[in-house]
Amino acid sequence: GLSAQALTDTYGYAESGMAASVLGLELKTRTEEVILESNSDHDKEDYSHQDLTGSIFQEASMKEATFEGSDLRAAVFSRAVLYK
């Protein structure tokens, strides 16, 4: 397949199918089509520069997780525990 940057350059869309962010984010290649985390532990995980558009984090523990530079449009954090 095309790289994340090639998709954006060629079609104007991120790998998730959403229009490319106007923020000009430098994103890592997305490895999963659907990101769904439920009742899982992701404390201190590094999600920086990820294409997390449309992701669902339900009742996930994400204490001190890093999301710097990530595309979080339409991401859902339902009853997720997030703090720094």
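## Close-up views of an aromatic cluster and a nonpolar core

**View 1. The largest nonpolar core has eight residues.** They are I35, Y47, L52, F57, A60, M62, A65 and F67. The model shown is predicted. In soluble globular proteins, nonpolar side chains tend to be buried together.

**View 2. Y47 and its contacts.** Leaving aside residues up to four places away in sequence, Y47 touches H42, L52, F57, M62, A65, T66, F67 and S70.

**View 3. Four rings form one aromatic cluster.** Its members are Y47, F57, F67 and F77. The structure holds four aromatic pairs. Two of them are shown in the next views.

**View 4. Y47 and F67 are stacked.** The ring centres lie 5.3 Å apart, with 5 degrees between the planes. Y47 sits in the loop between β1 (36-38) and β2 (56-58). F67 sits in the loop between β2 and β3 (76-78). The pair therefore ties together parts that are 20 residues apart in sequence. Both Y47 and F67 are buried.

**View 5. F57 and F77 form a stacked pair.** Their ring centres are 5.1 Å apart. Their planes meet at 10 degrees, under the 30 degrees that stacking requires, so the pair is stacked. F57 belongs to strand β2 and F77 to strand β3, so this pair ties together parts that are 20 residues apart in sequence.

**View 6. Buried or partly exposed: which are F57 and F77?** F57 has 1% relative accessibility, so F57 counts as buried. F77 has a relative accessible area of 30% and is partly exposed.

Conventions:
Residues numbered from 1 in each chain as written. Predicted model: local features only at pLDDT ≥ 70, side-chain atom pairs only at ≥ 80, totals over all residues. Heavy atoms only, no water. Phe/Tyr/Trp six-rings, centres within 6.5 Å; stacked < 30°, edge-to-face > 60°. Helix = DSSP H or I, 4+ residues; strand = E, 2+ residues; numbered from the N terminus. Buried < 20%, exposed > 50% of the residue type's maximum accessible area, 1.4 Å probe, protein only. Core = buried A, V, L, I, M, F, W, Y, C linked by side-chain atoms within 4.5 Å. Contact = heavy atoms within 4.5 Å.
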